[in-house]
Amino acid sequence: MPFARLAAATTPTCHIGLGLAAVGRPGYINLGRDEDLPPERTVDALRERTHELLDAAYAQGVRYFDAARSYGRSEEFLADWLNKRPGLDDIVIGSKWGYTYTADWSTDAETHEVKDHTLATYERQRAESDALLGDRLDLYQIHSVTPDSPALTDKELHAKLAEAAAQGLTIGFSTSGPAQADAIRAALAVTVDGEPLFRTVQSTYNALETSAAPALAEAHDAGLTVIVKEGMANGRLAGPHAPDVLKGVAEQTGLGCDAVALAVILRQPWAGVVLSGAATTNQLASNLHAAVVDLDDDQLTRLATLAEDPRTYWERRGQLPWH
């Protein structure tokens with residue numbers, strides 16, 4: 001498991017990763033993103049921003065970096081950064097397949113990405129990821145598995161994934177939607193030749209969306225590394241948009257709402273890596289303060305009141321505009 005590399009890390013931030021969803025393409029659904037990125041979102045401008053974030057993250061102890069085929073040019077930007085640092089051997093690189101980026105570098109495209117979990121898509125996108133990341137790729141995840149995903153039942157796909165695992169690639173999956181717990185439990189039951197196929201799970205969990213917690217605990221107990229995404233709820237837990245309860249706790253700690261929101265996740269015993277989706281180096285630095293936030297029982301009780309019904313949460317997420 002490549003995440004064993006993190007066990008040897010001693011920085012407080014080694015269990016915080018950097019996700020590149022917000023900077024690998026000109027459009028995304030995070031709130032406030034229209035102010036966070038350069039006004040001219042050229043390929044070169046976002047490449048430069050991505051490299052700034054990767055440099056800052058590594059310098060501050062971050063050791064996991066997360067991309068996807070559908071995050072525009074995120075794999076390309078990450079590969080460029082890695083190619084200039086051939087001796088960097090203490091990091092873990094993850095990417096995802098299953099969505100195809102279709103916006104053609106536009107922020108107002110009618111469709112930004114198309115989901116397809118078939119074997120043909122895996123083979124095409126695996127070749128694309130390999131061409132960019134090669135043997136630097138440690139983890140390859142099925143992107144946004146839901147309970148009805150054919151990736152959970154396609155035995156031919158499972159065999160191909162198991163073949164990749166036998167060659168040293170860690171195989172994982174991510175989840176989304178109100179039935180994340182069902183998808184996680186279904187994936188835990190997938191085996192090839194009697195052995196579990198998946199070694200990692202990446203799910204949405206935050207102060208507003210906590211429904212996957214029991215299933216993530218089960219995954220952790222089964223030996224999977226749990227990666228948490230969307231800990232900031234696509235910006236809904238950032239300072240300008242944060243609920244009053246979160247603002248009150250943040251004021252008590254003297255740190256940002258974002259740091260408190262991520263600290264809640266880091267406290268979960270099953271959370272292996274918590275992703276920052278920062279789009280600026282200042283946001284990243286603030287996010288990384290999560291590693292030193294100390295929350296008392298009263299503060300945790302107050303923050304627990306923020307949890308929403310998962311259907312309500314995902315309906316609202318689905319209505320967020322692409323900026």
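Analyst: This is a predicted model, where local features need pLDDT of at least 70, side-chain atom pairs count only at pLDDT 80 or more, and totals for chains, interfaces and linings use all residues. Residues are numbered from 1 along each chain as its sequence is written, and side-chain values use heavy atoms, with hydrogens and water left out.

User: Why is C14 called buried?

Analyst: Buried means under 20% relative accessible area, exposed over 50%, and partly exposed in between (1.4 Å probe, protein chains only). C14 has 4% relative accessibility, so C14 counts as buried.

User: What makes C257 buried?

Analyst: The relative accessible area of C257 is 9%. That is under the 20% cut-off, so C257 is buried.

User: What makes a set of residues a nonpolar core?

Analyst: The members are buried Ala, Val, Leu, Ile, Met, Phe, Trp, Tyr and Cys residues, joined through side-chain atoms within 4.5 Å. The largest such core here has 87 residues. L18, F65, L78, F173, F198 and L246 touch the most other members. Helix α10 (residues 257-266) gives the most to this core, with eight residues. Helices (H or I, at least four residues) and strands (E, at least two) are DSSP runs, numbered from the N terminus. A second, separate core has eight residues, including V92, L139, I227 and L275.

User: Which residues is L78 in contact with, leaving aside its neighbours within four places in sequence?

Analyst: They are L20, L54, F65, A67, I93 and L133. Contact means heavy atoms within 4.5 Å.

User: Where are A233 and N234 found?

Analyst: A233 lies in the loop between β11 (225-229) and α9 (244-253). N234 is found in the loop between β11 and α9 too.

User: How do you know whether these two are buried or exposed?

Analyst: Set each value against the 20% cut-off. A233 is at 1% relative accessibility, so A233 counts as buried. N234 has a relative accessible area of 4%, so N234 is buried.

User: Why does A181 count as buried?

Analyst: A181 is at 16% relative accessibility, which is under 20%, so A181 counts as buried. A181 is found in helix α7 (residues 180-188). Leaving aside its neighbours within four places in sequence, A181 is in contact with S211 and A215.
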